[in-house]
Amino acid sequence: MILFGIAELEPTDREYLLKNKYSCFIVQLLMAHLPQDQREKLAHILLEIEDEERSQRLRKDLMIDANGSRSAEVLIRGCSEETVNRLFSTCVLPQLLDYSSNPRSNYVVQMFLARITDSSLVKSAFEILRDQLEILFNSNNRGILLQMLNACRRTHTYEEACLDCVISILQHVLHLVTDEEKSMSVFIEKALAIEKEGGRVKINESNAQYILEGMLLDDPYCSVVCLPLLKLSVETLLRLFLSCSTGKRMVNVLIGKMSKEDQNVWKSVVVGLE
């Protein structure tokens, strides 16, 4: 009933629904709570997929609109895989650097990078952004770097090159300049910044997310990150596990890379901590 009512609206009224500061939240609620098949249909209707010319104009407007960009994010999250790849290719890729630099549209780009599955699109995206990732990171568009690594990992594209970019950027941010400081063991320690505060353990969760993505890469690329972590003391790994959900995921990934005997020991330990 809701989808039929929205489909019967005039195109200008549907556009208003996406851009208005109040009604855009209705779109977000619908995309959060409708069943998956209805979310895909709603995204199809609101993005005017059947009218290619109007759809392209609308998407470009939404990308840079304060409220429209929020609507675009949730719609892309609900689109089918095929539609996401097509929209990224036709609408986003030609202006990828501009959109990635924009304080509004960069969040839509992040959603696209989190969802695209076509390795050729990921390859093109990385080649466009590669030399600009550090500038984007330093301009507070940091999610672009994380989602670029995520896209490379999922599509098995430029995994090593993208990981190298991430490590280099974080080393610069952490002011690691000597060869010793740039060693992976020192880098991991500085990036995670594990410390106790009162009765709880804290880590730099933002940096931890990049390290986790690196751990999830294919062999042998993941070993660059995983081997130094496996050399950490038991106490440090336990602190990492207790720090936050990202730290817990990191330790669980490490456990999966241990010998069967060590896996059994660690699983019994972490079960007791949960």
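Mentor: Start with E15, which is buried at a relative accessible area of 13%. The model is predicted, so keep that in mind throughout. The cut-off for buried is under 20% relative accessible area, so E15 falls below it. Its partner is K19, and the two side chains meet in a salt bridge, 2.8 Å from N to O. K19 is partly exposed, with a relative accessible area of 23%. Where do the two sit? Both belong to helix α2, which spans residues 11-19. They are 4 residues apart there, so about one helical turn separates them. Side chains of opposite charge can pair when their charged atoms come close.

This pair is part of a wider group. R14, E15, K19, E48, R54, R57 and D61 are linked in a network of salt bridges. Look at R54 next. R54 forms a salt bridge with E48, and their closest N and O atoms are 3.8 Å apart. Are these two buried or exposed? R54 has 19% relative accessibility, so R54 counts as buried. E48 has 9% relative accessibility and counts as buried too.

How many salt bridges does the whole structure hold? A search finds 12. Another of them joins R239 and E235, whose side chains meet at 3.0 Å, N to O. Here the helix is α18, and R239 and E235 are 4 residues apart in it, so about one helical turn lies between them. R239 is partly exposed, at a relative accessible area of 27%.

Stay with α18 and turn to its packing. Helix α18 covers residues 234-243, and helix α19 covers residues 245-256. They pack at an angle of about 130°, with axes 5 Å apart. The two helices are therefore oblique to each other. Which residues meet? From α18 come L237, L240, F241 and S243. From α19 come G247, K248, M250, V251, N252 and L254. By class, this contact has 6 nonpolar, 3 polar and 1 charged residues.

Pick out L254 from that list. L254 lies in helix α19. At 1% relative accessibility, L254 counts as buried. What does L254 touch, leaving aside its neighbours within four places in sequence? The contacts are M215, C226, L229, L230 and L237.

Helix α15 (residues 184-192) and helix α16 (residues 205-215) pack at an angle of about 140°, with their axes 8 Å apart. So α15 and α16 are oblique to each other. On the α15 side, I188, A191 and L192 make the contact. On the α16 side, N207, A208 and I211 do. The classes here are 5 nonpolar, 1 polar and no charged residues.

Finish with helix α10, residues 119-129. Which of its residues are buried? They are L121, V122, A125, F126 and L129. These residues cover an arc of only 130° around the axis, so they lie on the same side of α10. What covers them? The cover includes α7 (81-92), α8 (96-101) and α9 (105-115). It also includes α11 (133-138), α12 (143-155) and α13 (159-173).

Terms used: Residues are numbered from 1 along each chain as its sequence is written. This is a predicted model: local features need pLDDT of at least 70, side-chain atom pairs count only at pLDDT 80 or more; totals for chains, interfaces and linings use all residues. Side-chain values use heavy atoms; hydrogens and water are left out. Axes are lines fitted to C-alpha atoms, for helices over the stretch in contact, and angles run from 0 to 180 degrees between N-to-C directions. Angles under 35 degrees count as roughly parallel, over 145 as roughly antiparallel, 65 to 115 as roughly perpendicular and the rest as oblique. Contact means heavy atoms within 4.5 Å. Ala, Val, Leu, Ile, Met, Phe, Trp, Tyr, Cys and Pro count as nonpolar, Asp, Glu, Lys and Arg as charged, and the others, Gly among them, as polar. A salt bridge is a side-chain nitrogen of Lys or Arg within 4 Å of a carboxyl oxygen of Asp or Glu. Buried means under 20% relative accessible area, exposed over 50%, partly exposed in between (1.4 Å probe, protein chains only). The arc is that of the directions from the helix axis to the C-beta atoms.
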